[in-house]
Each structure stands twice: as C-alpha cells, then as structure tokens.
Amino acid sequence: MDIKEKALQLKELIDEAESFVFFGGAGVSTESGIPDFRSSEGLYNDKKEAIPPERILSHTYFKMHPKEFFAFYKSKMVYTQAKPSVTHQALAKLEQEGKCKAVITQNIDGLHQMAGSKNVLELHGSIYRNYCIKCGRPYGLETVMTGEGAKLGEGRFEGIPVCNCGGIIKPDVVLYEESLDSSVLQESVSLIANTPLLIIGGTSLNVYPAAGLLQHFKGSHLVLINKESTPFDNNADLLIKGALGQVFEQLT
Ligand code: CNA
C-alpha cells in the first residue's frame, strides 16, 4: 500500500472516531525548515559540533557555561522565520472542525499555535516564554535574541540575556536533567488515556518521559507516522513510514 492509500485509511479512522489526539515531535517541524535532533540531517548528526548538543542542552551546562549555551541555543534552536507546515495547518483545521481534541507536542517552536491550534500542550516548553531566574520576571523571545526590553551581557557574559535585576533570563524550555511541568504532563496523560484515536507523528520516541505517555493509551486505534523506525512501530494499528506533509495534505 502506498502512502496516499494509507493516508486515506487514516482519513477514514478520523471520520469514524468522535475525536483524536495528536502527539508529535521535531519531525512535525522539519517541513517548516527546523532540523530535528536524530535523523541523518538532524542536529545530533552535525559533525561540526565539538560538544554533543545533548550536553549543551543540559541544565548543568546552562549553569556552568551560559555564554556557550546561549550561542548554541540562539543559532540552533530558534528559527524566528519558520512558518507552519501543511501538518500544523491541517491539525488546526481539524481542531476547528471538532475532530482534533488536542495537540501534545515535544516541540518548543510555537508553530501549532501560529497555525491556529488552540489546545496545545507543550511538554518541553516554548522559546516564546522566558523568565529571570532571580526575580521570575517574564520576557519575550526578543529579549533573549537581541536584548531588547532588558539587555545582553558583555565581556565574560557576552550574548547572555540579563534581567534589569541582574539575573540571567532563561528560556522556559525543558533542558536535560530538568523535569517536565507536572500539570502539562498530567493533562497529557488524561487526554491520551481517554482518546479513542491517537495519532503520533514526527517523533523518534526516544525521549522520556514523553515517549512513556504511550503506555496510557487504551483506545481502539494507534496511528504512527514517521520517516524512520521507532521502538513502538509494532504497537501501531496503522503504521505510515513516510513524510507527514504527504499524509496531512490528504486530510483536509
Ligand atoms: P527526534 O528524536 O529528532 O525525532 C524526530 C523524528 O521525526 C525522527 O525519527 C525522524 O525520522 C522523523 N521525521 C523527521 N521529519 C519528518 C517528516 N517530515 N515526516 C515524518 N517524520 C519525520 O525528535 P523528538 O521530537 O522525538 O525528540 C524530542 C526532542 C526534540 C524534544 O526535546 C524537542 O524539544 C526537540 N526538538 C524540537 C524542535 C522543535 O521545536 N521544532 C527541533 C529539534 C528538536
């Protein structure tokens, strides 16, 4: 069966189900020009990086080397020009039609909201929320990128966004060694436990606890769409090995 036929099979499942929940990862945004982590063109396979990205994106590294952290974060994790892809747009439309109950995402890029989705659970936070680690004052992305609204440090602190109180402004994204927001996690568990149809897309299902959410699914159809194999391929009732865009363009 080719990808178009499988997409039509998915369309039938969506038509039959009262609603569905979508659980996605970095692969949802590659067609918006944002690289993922683990595919061959992903950040983890960029041999030019002397320090592994998973180390740079850790809480310890942020604390010990904030200057290098922000240099990496701003150049590799933030894509201010990115626009929603066919997949983001289709999910927003399906929400408007009452079919997509929620999008649970591991992404931090805000593209689901930009496409118009309202019920988005961001397991790993968002580049658009930032706060001072000393006084808690919130800041937008602009301050982190350019210092506008506060300032960027100089000398040893060059490029680090600094609050007016002197504290470092930290992106509200979940770094390695940090825990997920418990209310977002609980709501995600509840959505997955109660949906009849779960569509998973663009995630290697390698990052925990996010990947562990699958164990809560009790519904009748699990659909898995990914370019590469995942450890959960055998759990899928419908497995579509291919590009999300090619699937979602058939769904609206
Ligand atoms: P990952 O481990 O990089 O896996 C992505 C998966 O998506 C891979 O298995 C790819 O084969 C697959 N994929 C890539 N493009 C497509 C496509 N067009 N269609 C179908 N499948 C595709 O990323 P995960 O999300 O699983 O890992 C979680 C990390 C990645 C989270 O902590 C994120 O914050 C982090 N991340 C987020 C972004 C973003 O916000 N856009 C970008 C890069 C990394």
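Residues are numbered from 1 along each chain as its sequence is written. Because the model is predicted, local features need pLDDT of at least 70 and side-chain atom pairs count only at pLDDT 80 or more, while totals for chains, interfaces and linings use all residues; side-chain values use heavy atoms, with hydrogens and water left out.

**Whole chain**

Select the protein chain and colour by secondary structure. There are nine helices and eleven strands (DSSP runs numbered from the N terminus: helices are H or I with at least four residues, strands are E with at least two). Along its principal axes the C-alpha trace spans about 60 × 35 × 30 Å. Buried residues make up 52% of the 252 residues; buried means under 20% relative accessible area with a 1.4 Å probe, protein chains only. Of the contacts with a separation of 6 or more, 64% join residues 24 or more positions apart, a contact being heavy atoms within 4.5 Å.

**Ligand**

The ligand is surrounded by 27 residues, and Glu31, Phe37, Arg38, Asp109 and Ser204 are the closest. The shell holds nine nonpolar, twelve polar and six charged residues. In this division, Ala, Val, Leu, Ile, Met, Phe, Trp, Tyr, Cys and Pro are nonpolar, Asp, Glu, Lys and Arg are charged, and the others, Gly among them, are polar.

- Ala26, polar backbone atom: 2.8 Å
- Phe37, backbone N or O atom: 2.7 Å
- Arg38, side-chain N or O atom: 2.6 Å

On its own the ligand has 860 Å² of accessible area, and the protein covers 96% of that (Shrake-Rupley method, 1.4 Å probe).

**Helix H5**

Select residues 86-96, helix H5, whose buried residues are Thr87, His88, Ala90, Leu91, Ala92, Leu94 and Glu95. Their cover includes helix H1 (3-16), strand S1 (20-24), strand S2 (100-105), H6 and helix H9 (244-248). Just after H5, stop at Gly98, which has a positive phi of about 85 degrees.

**His112**

Finally, select His112 in helix H6, residues 111-115. Is His112 buried or exposed? His112 counts as buried because its relative accessibility is 2%. Leaving out residues up to four places away in sequence, His112 touches Val28, His88, Leu91, Val103, Thr105, Ser117 and Val120.

Technical notes: Near = heavy atom within 4 Å. Polar contact = N/O pair within 3.5 Å; in protein donor to acceptor, adjacent residues only side chain to side chain. Buried < 20%, exposed > 50% of the residue type's maximum accessible area, 1.4 Å probe, protein only.
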